[in-house]
Amino acid sequence: MTGYRQENRRLWNEWSNDFQALWNADTADGDLPPAPSPFDADAPGGPQPDVLESVDGSAYVELGCGGGQGSVGTARLGADPVVGVDLSGEQLRHARRLRDFYGVEARFLQADLTDLPLADSSFDVASSEAAYQMVGHLEGALGEAHRVLREDGVLVLSVPHPLYELLDLETGEFRWSYFDTGRREITIDEEYESVLVAFDRTVADLHNALVDAGFEVQRLLETKHQEVRESDPADSDLPELLRMVPSSVRFWAVAR
Ligand SMILES: C[S@@+](CC[C@H](N)C(=O)[O-])C[C@H]1O[C@@H](n2cnc3c(N)ncnc32)[C@H](O)[C@@H]1O
């Protein structure tokens, strides 16, 4: 493995403990850490019953599963079997621990999204949260997602919204043009040896890549930042600009 993938794998291995600590920051002693599913009633953008009524009994794969929250949460909704795939061994270690905390069935595999070690047409449902922006070869990765889904299988794909990415919340300025797409390096922590490599894309790029991979996009949702969703504007010190842009873009697409 070379180039950006190796860099991202190293970065996620370095970042994993701190990243999962953020996930679990509000977990009281003795409580189970959070394990939300993208198919929960209160998931960002809400359920889309016209596209998918339920995941109960569905074969489900989480692509870029990180600490396994989506896999575990979706297993709790009745999906079976459940598989999570991620590049980072450290992230997968957290995922297996979360699975064991909850006592659900899920299998976690270390692999790249452009080369899934999964059989053709083996899943009814797939989802991904905040991972495909780190994939350089988007067409290849979406082609793999399409390959492992059965015909009419559902993909819920969410990435950070490009408007949120380019806005500097402190100065209120755009840090680059919406149309400046391509590779970008992000320093997460000066103490980490690796940087995160992300690939900026417009919403149209993402939409068209899904269509080109054989998906029919049935819903496109632009959701507000979680802190905005959960806070009262009259009683919050969140930057006003954070309320003015979507923080993620989410596609509900069907494999044709
Ligand atoms: C921001 S985290 C999100 C994880 C999880 N979905 C969540 O919501 O917390 C992104 C994850 O994508 C994984 N990732 C990045 N590039 C990947 C690739 N090319 N193949 C597989 N996983 C990748 C990283 O290792 C990391 O765990």
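Predicted model: local features only at pLDDT ≥ 70, side-chain atom pairs only at ≥ 80, totals over all residues.
Seven strands make up an open sheet of mixed pairing, in which the order is E3-E2-E1-E4-E5-E9-E8. Its edges are formed by strand E3 (107-110) and strand E8 (215-223), each of which pairs on one side only. With direction ignored, neighbouring strands of this sheet are turned against each other by 15 degrees on average.

Within this order, strand E1 (residues 60-63) and strand E4 (residues 123-129) run parallel and are joined by three bridges. Tyr60 has Val125 of E4 as its bridge partner.

## Helices against the sheet

Helix H3 (residues 89-102) packs on the sheet, where it touches strand E2 (82-86) and E3, and its direction makes about 175 degrees with that of E3. Helix H6 (residues 203-212) lies across strand E5 (149-160), E8 and strand E9 (248-255), and it runs at about 155 degrees to E8.

## Helix H3 in detail

The 14 residues of H3 should span 20 Å at 1.5 Å a residue, and this agrees with the distance between its end C-alpha atoms, which are 20 Å apart. After the helix comes Gly103, which has a positive phi, near 70 degrees.

The buried residues of H3 are Gln91, Leu92, His94, Ala95, Leu98 and Arg99. Because they cover an arc of only 155 degrees around the axis, they are placed on the same side of H3. The partners against which the buried residues of H3 pack are helix H1 (3-23), helix H2 (69-76), E2 and E3.

## The ligand shell

The ligand is surrounded by 20 residues, of which the closest are Trp12, Gly64, Gly66, Leu87 and Ala131. H1 and H2 are the elements that contribute two or more residues to this shell, and the largest share, three residues, comes from H1.

Leaving aside neighbours within four places in sequence, Ser128 is in contact with Glu62, Leu63, Gly64, Leu157 and Ser158. Gly64 also belongs to the closest residues around the ligand.

Notes. Residues numbered from 1 in each chain as written. Pairing = 2+ DSSP bridges. Helix = DSSP H or I, 4+ residues; strand = E, 2+ residues; numbered from the N terminus. Axes fitted to C-alpha atoms, helices over the stretch in contact; angles between N-to-C directions. Contact = placed C-beta atoms within 7 Å. Expected span 1.5 Å × (residues − 1). Buried ≥ 20, exposed ≤ 12 C-beta atoms within 10 Å, placed from the backbone. Arc of directions from axis to C-beta. Near = placed C-beta within 6 Å.
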